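Thanks for coming. I will walk through one model today, starting with the whole chain and ending with two residues.

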Amino acid sequence: MVTAGLIHYVLNLLHITVHIRDVCVFLAPVFSGLTAISTFLLTRELWNQGAGLLAACFIAIVPGYISRSVAGSFDNEGIAIFALQFTYYLWVKSVKTGSVFWTIGCCLSYFYMVSAWGGYVFIINLIPLHVFVLLLMQRYSRRVYIAYSTFYIVGLVLSMQIPFVGFQPIRTSEHMAAAGVFALLQAYAFLQYLKDRLTRQEFQTLFFLGVSLAACIVFLTVIYLTYTAGQDTDWDGRVFVLLCSTICKNCYAKIHIPIIASVSEHQPTTWVSFFFDLHILVCTFPAGLWFCIKNINDERVFVALYAISAVYFAGVMVRLMLTLTPVVCMLSAVAFSSVFEHYMGDDTKREKPPAEDSSDEDDKRNSGNLYDKAGKVRKHVSEQEKAEEGLGPNIKSIVTMLMLMLLMMFAVHCTWVTSNAYSSPSVVLASYNHDGTRNILDDFREAYYWLRQNTDEHARVMSWWDYGYQIAGMANRTTLVDNNTWNNSHIALVRPRLSARFYFCTQKQEKIDYFTPQGEFRVDKAGSPTLLNCLMYKMSYYRFGEMQLDFRTPPGFDRTRNAEIGNKDIKFKHLEEAFTSEHWLVRIYKVKNLDNREPLDHKLRSVVPKQKYTSKKTAKRKRGHIKNKLVLKKGKKLQKK
């Protein structure tokens, strides 16, 4: 949002009138172009300019990245991949040159990455891993020392300026590897300094004492952090799920962090997804990795580690296919570039004398040595010419045509996927009939419009968090949970309401199992009783048992799951149906108002029986008596004389 706002401000400052909505819509395509440029620069540093051009073309159309770079995709990942690739390019440039200028640029790019996406943890762990492997391979140099020391200190300070990061770089576990490699690099540089100024015996003694002291300090530090830091050194939820998903089926994360482990984007990636998002690049990028390992240097060690770690993480979590796609494009470009150079190169270049390897250069420096190295056989020009004679023009043409056909198939696949999967809005769905005609399902927009027109502006909507931003943006109503997952406690409170058997009965937290004993997820009569009686199931299939789609299927037949629902007698006590979309994709319910006073269970009043004898005074008082009432006195009748 800050990036879009800044672009909008600059354009209006230049008197280019653009609406902020248009900036948000076209932000992802613009940054996808910048991603292609940064991928070209990075691949050029790793291999050559031809491979860089191919890598830029691949990442421009590959489905694994175009899903986040289409117009209208206003998401963090749209700009994060550019920041990721550009940070890696500046890091490789820093390692190759040892310049503080390039390292400061790398730190600024890393700062932008931290502010854009939580996936910056991948950078802060991959770069230390690169330095650590270089130390193990005895490839330490002043360039590596200057680059990493500057990057860690400046990058640490800059990342702590982001509000939601704060002091995490020095307190959480996923940042400890960077600190450990920084300390190790300082110790290694100090030992290299002493090695040049001490004798061999003195250096061995000092090295033994230094290693022992370092081991004690590390051990005491771990104990201190364990007992005093508490939850501050815990792993982040997503990182913990990512690391332990392949260790065991019912690991700690799946049991104790079910909200994060249950998200569909955090599930393992299938082979179909790999082919769907990468196509032929899945088969060609191992060849590019082999070319890089065959001709290894400092920067190619980095891309090899990038590829291996990205493949592992993408296999564990389908969302991380986004981080695998750039390195696959780079290594596939290296493979195609090497093949094209070998089979389409100019034959006149091969008539020149063969290039000398590094051992030949060593022989030139040591010209006093008249003997060849043991086990080394020099290849004569005639043998190389015989080897080149085997590649006739026919073989070159066949291989070239095969490579071009693969690239053409890749372009066709990318076009098809972009057209069918990523060109439609996410709120508008499409289905196809048997005759090929397309049906547009516009239920979500219909429901959001109804919600906006028929509910009070202060109404609160309870839904699952996936629809939070859509309801807030299209229906203009406040939701209890939305897509902001930094604080998942509010999501944890909504989950038991939707999964409970009764709407208000959530006091007792029970283990919820929606699967049958055979491990199947079924909505028919053979389904789990927990599923058939939960609130979500009832709200989805309320009155659906009365609906018959056609004469071939019974009432209540779910065409998506190809089954007849198992619970048709659904009644609500606290809810009433408010809206159902045309294709029954969206159901809206209203919570009934509670009764003013609930009826109490009590016995009838006991009536005291009347007394059998009542006095006249009591009877008069009960009947009422008028004061000063005239009383007629009967007299005696006079007798006539």
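Predicted model: local features only at pLDDT ≥ 70, side-chain atom pairs only at ≥ 80, totals over all residues.

Residues are numbered from 1 along each chain as its sequence is written, and side-chain values use heavy atoms, with hydrogens and water left out.

The protein chain has 28 helices and eight strands; these are DSSP runs, H or I of at least four residues for helices and E of at least two for strands, numbered from the N terminus. Of its 641 residues, 37% are buried. Buried means under 20% relative accessible area, exposed over 50%, and partly exposed in between, with a 1.4 Å probe and protein chains only.

Now to Ser-309, in helix α17, residues 298-316. Is Ser-309 buried or exposed? Ser-309 is buried, because its relative accessible area is 13%. Its side chain reaches the backbone oxygen of Leu-305 at 2.8 Å, and a polar atom of that side chain lies 3.2 Å from the backbone oxygen of Tyr-306. Leaving aside neighbours within four places in sequence, Ser-309 is in contact (heavy atoms within 4.5 Å) with Phe-122 and Leu-126.

The other residue is Tyr-9, in helix α1, residues 2-13. Tyr-9 counts as exposed because its relative accessible area is 52%.

Technical notes
Polar contact = N/O pair within 3.5 Å; in protein donor to acceptor, adjacent residues only side chain to side chain.
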